[in-house]
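Let's take a walk through this structure together. Have a look at the model first, and then we'll go through it piece by piece.

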Amino acid sequence: LGVGFNYLFSEGMEDAFDAMMEGETVAEGAEGFGMPGLHIWVGVAVLALIVLRLVVRLFQGAPEAGPGTAGLIATWGHRALYLIMFAAPTLGALTWFGGIEATGDLHVLAANTLMVLAGGHALVALYHQYFLKDGLMLRMMRSR
């Protein structure tokens, strides 16, 4: 939800960043909870949650991938998804809190890539559920 929110409500962040870099007052209270500020703090929360998720996954593990090429694609797809889920908010934090303008474009690229990967992930999960009917989604939802 946080990723989706920040993707949809990112308008004005470039102007807010430019204003901050020039020492001007940032419109809508970027240090508070105006739209730029909300984008920033939701991004910080997303970064904290993905770090927590990676720690949990490290200790709990994950369901085994299926055999063959499909399993290999699933493994690398998940790795790419986790990498980009970590990279996008990290780049955003470096841009905003570090004042590193060069990482801003990378943040936007990472966010767009994340939306493509997440959308593809959702479509593949739906394909497994409704066309292959192989119980893949149940494997993801079952508690251990």
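This is a predicted model: local features need pLDDT of at least 70, side-chain atom pairs count only at pLDDT 80 or more; totals for chains, interfaces and linings use all residues.

Residues are numbered from 1 along each chain as its sequence is written, and side-chain values use heavy atoms, leaving out hydrogens and water.

Start with the chain as a whole. You'll find six helices and zero strands, in the order α-α-α-α-α-α along the sequence. Helices here are DSSP runs of H or I with at least four residues, strands are runs of E with at least two, and both are numbered from the N terminus. The C-alpha trace spans about 55 × 30 × 25 Å along its principal axes. Of the 144 residues, 24% are buried (under 20% relative accessible area; exposed is over 50%, and partly exposed lies in between, with a 1.4 Å probe and protein chains only).

Now for the pockets. On a 1 Å grid over the protein atoms alone, a pocket is an open set of points where a 1.4 Å probe fits, with protein on both sides within 12 Å along at least five of seven lines, and its lining residues have an atom within 4 Å of a point. The largest pocket has a volume of about 1500 Å³, counted as the space filled by probe spheres set on the points, which are joined across faces, edges and corners. Its lining has 45 residues, and Arg-57, His-78, Leu-81, His-121 and Met-140 lie nearest the centre. Helices α1 (2–8), α3 (35–60), α4 (68–98), α5 (102–132) and α6 (136–141) each give two or more residues to that lining, with the largest share, 11 residues, coming from α4.

The second largest pocket holds about 810 Å³. Among its 33 lining residues, Met-13, His-39, Gly-104, His-107 and Val-108 are the closest to the centre. Here α5 gives the largest share, eight residues.

Finally, look at the surface. Val-51, Leu-54, Val-55, Leu-58, Phe-59 and Phe-86 form a nonpolar patch with about 580 Å² of accessible area together (Shrake-Rupley method, 1.4 Å probe, with only the protein chains shown counting as cover for residues). Helix α3 gives the most, five residues. Leu-58 sits in α3 and is exposed, at 67% relative accessible area.

Methods:
Patches are made of residues with over 30% relative accessible area and no salt bridge: like charges are joined within 9 Å, nonpolar side chains (Val, Leu, Ile, Met, Phe, Trp, Tyr) within 5 Å. A salt bridge is a side-chain nitrogen of Lys or Arg within 4 Å of a carboxyl oxygen of Asp or Glu.
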